[in-house]
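Please walk with me through the model shown below, from its helices and strands to its ligand, and then on to a pocket and a few backbone details.

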Amino acid sequence: MTQHIALVTGASSGIGKATAQLLAKNGFYVFAMARRMDRLEQIRSENIEPICLDVTDTVAIQKTVDHAITTKGRIDVLVNNAGYGQLGAVECVSMEAAHQQFEVNVFGYARFMQAVLPQMRTQNSGCIINIASILGKTSIPGFGWYAASKHAVEALSETLRGEVIKFGINVIVIAPGLIKTEFAAKEFELLKTVKHPPAYQKLLNALPRLLAGEPQAPGPEIIAQAVLKAATASSPPTRHALPLDAKTAVIAKWFLGSRIFDWAVRQKMKI
Ligand code: NDP
């Protein structure tokens with residue numbers, strides 16, 4: 001039987017690492033990518049080939065995709081996952097930091113999609129799984145640039161789905177809620193680099209409170225399981241939000257309407 005081939009970005013920690021390992025355990029050959037090669041080396045195995053790569057580097061991405069096609073002859077699954085969260089008030093995050101957020105979270109995904117699509121079209125099969133976020137359909141104060149990047153991922157995925165379904169290619173969005181990874185700690189490191197005037201102090205106090213539930217949040221394995229299911233199902237759902245908080249936030253916004261939803265968020269954040 002032909003071995004299925006997957007590309008997973010952001011595989012040095014969290015969701016990407018758990019996904020690479022689960023896909024490999026289930027028979028996939030996985031090209032696992034990130035910038036921290038020492039971390040990737042820890043998951044190298046018969047079915048996991050680590051590749052040092054920054055998702056802002058178009059040339060490196062094309063080289064990697066060419067390498068996968070040359071050595072394995074096909075690409076069955078792309079998991080676009082590498083990303084980070086730029087916290088800070090919309091007014092205060094610098095344009096450079098905002099651009100960088102889109103470079104990684106949006107154009108990083110787009111570069112990979114453009115690189116694998118010619119091969120998937122030739123095969124007349126393939127599955128692109130984009131990891132979005134609970135903040136891809138809603139947003140809350142302090143998360144503006146991150147939420148904007150994830151809204152863009154949702155829009156690109158929805159558009160691409162309609163364009164390539166006739167080539168036998170599925171485009172699936174998985175939208176996680178709060179998951180216990182290195183993500184929140186990195187968000188707070190980045191928040192420290194943003195200068196806020198005193199008027200935003202209440203917001204700055206609220207952000208750690210909001211993420212205080214992270215230690216109790218589920219681990220990345222539940223998202224990896226959802227990716228495996230999406231990658232192997234014959235007719236996978238186009239969008240999967242999990243755990244429960246990721247589903248209920250979108251339903252609550254739809255049910256309450258924007259004005260009441262925004263008010264409830266401000267009450268919860270005490271801002
Ligand atoms: P982690 O911080 O644990 O992992 C992020 C991964 O992205 C790392 O492997 C990192 O590798 C990689 N990465 C970041 N920047 C780049 C870059 N420029 N080039 C290549 N790789 C990069 O976070 P998660 O596992 O939680 O995040 C994975 C995805 O899940 C993200 O897209 C995030 O937005 C999304 N998500 C996470 C949630 C959560 O609560 N954890 C909630 C909703 C969505 P390295 O630094 O080695 O390059």
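The model is a predicted one, in which local features need pLDDT of at least 70 and side-chain atom pairs count only at pLDDT 80 or more, while totals for chains, interfaces and linings use all residues. Residues are numbered from 1 along each chain as its sequence is written, and side-chain values use heavy atoms, with hydrogens and water left out.

A residue is called buried under 20% relative accessible area, exposed over 50%, and partly exposed in between, with a 1.4 Å probe and protein chains only. L210, with a relative accessible area of 25%, is therefore partly exposed.

M113 belongs to helix 4, and M113 counts as buried because its relative accessible area is 6%. Between the C-alpha atoms of M113 and R266 there are 37 Å in space, and the two residues are 153 apart in sequence. G83 sits in the loop between strand 4 (77-80) and helix 4, and its relative accessibility of 34% is why G83 counts as partly exposed. From G83 to F102, 19 residues apart in sequence, the C-alpha distance is 9.5 Å.

A residue is near a molecule if one of its heavy atoms lies within 4 Å of it. There are 30 residues around the ligand, and R35, N81, Y146, T181 and K186 come nearest. Which elements give two or more residues to the shell around the ligand? They are helix 1 (14-25), helix 4 (95-123), helix 5 (144-164) and helix 6 (183-191). For the classes, Ala, Val, Leu, Ile, Met, Phe, Trp, Tyr, Cys and Pro count as nonpolar, Asp, Glu, Lys and Arg as charged, and the others, Gly among them, as polar. The shell then divides into 15 nonpolar, nine polar and six charged residues.

Some polar contacts, meaning pairs of N or O atoms within 3.5 Å, can be followed individually. A polar side-chain atom of T181 is 2.6 Å from an oxygen atom of the ligand, a polar backbone atom of I179 is 2.9 Å from an oxygen atom of the ligand, and a polar side-chain atom of D54 is 3.0 Å from a nitrogen atom of the ligand. The ligand taken alone exposes 880 Å², of which the protein buries 97%, with accessible areas taken from the Shrake-Rupley method with a 1.4 Å probe.

Another place to look is the second largest pocket, which holds about 170 Å³ of space. On a 1 Å grid over the protein atoms alone, a pocket is an open set of points where a 1.4 Å probe fits, with protein on both sides within 12 Å along at least five of seven lines, and lining residues have an atom within 4 Å of a point. The lining of the second largest pocket has 13 residues, and H4, D76, G126, C127 and A231 lie nearest its centre. Strand 5 (126-131) and helix 8 (221-232) are the elements that give two or more residues to this lining, and helix 8 gives the most, with three. By class, the lining has six nonpolar residues, six polar and one charged.

The backbone also deserves attention. Most residues other than glycine have a negative phi, and most peptide bonds are trans. The peptide bond from L242 to P243, however, is cis, with omega near -5°, and P243 lies in the loop between strand 7 (239-242) and helix 9 (244-256). N124, in the loop between helix 4 and strand 5, has a positive phi near 65° and is partly exposed at 48% relative accessible area. K270, in the segment after helix 10 (258-269), has a positive phi of about 60° although K270 is not a glycine, and its 57% relative accessibility makes K270 exposed.

Methods: Points joined across faces, edges and corners; volume = space filled by probe spheres on them. Helix = DSSP H or I, 4+ residues; strand = E, 2+ residues; numbered from the N terminus. Polar contact = N/O pair within 3.5 Å; in protein donor to acceptor, adjacent residues only side chain to side chain.
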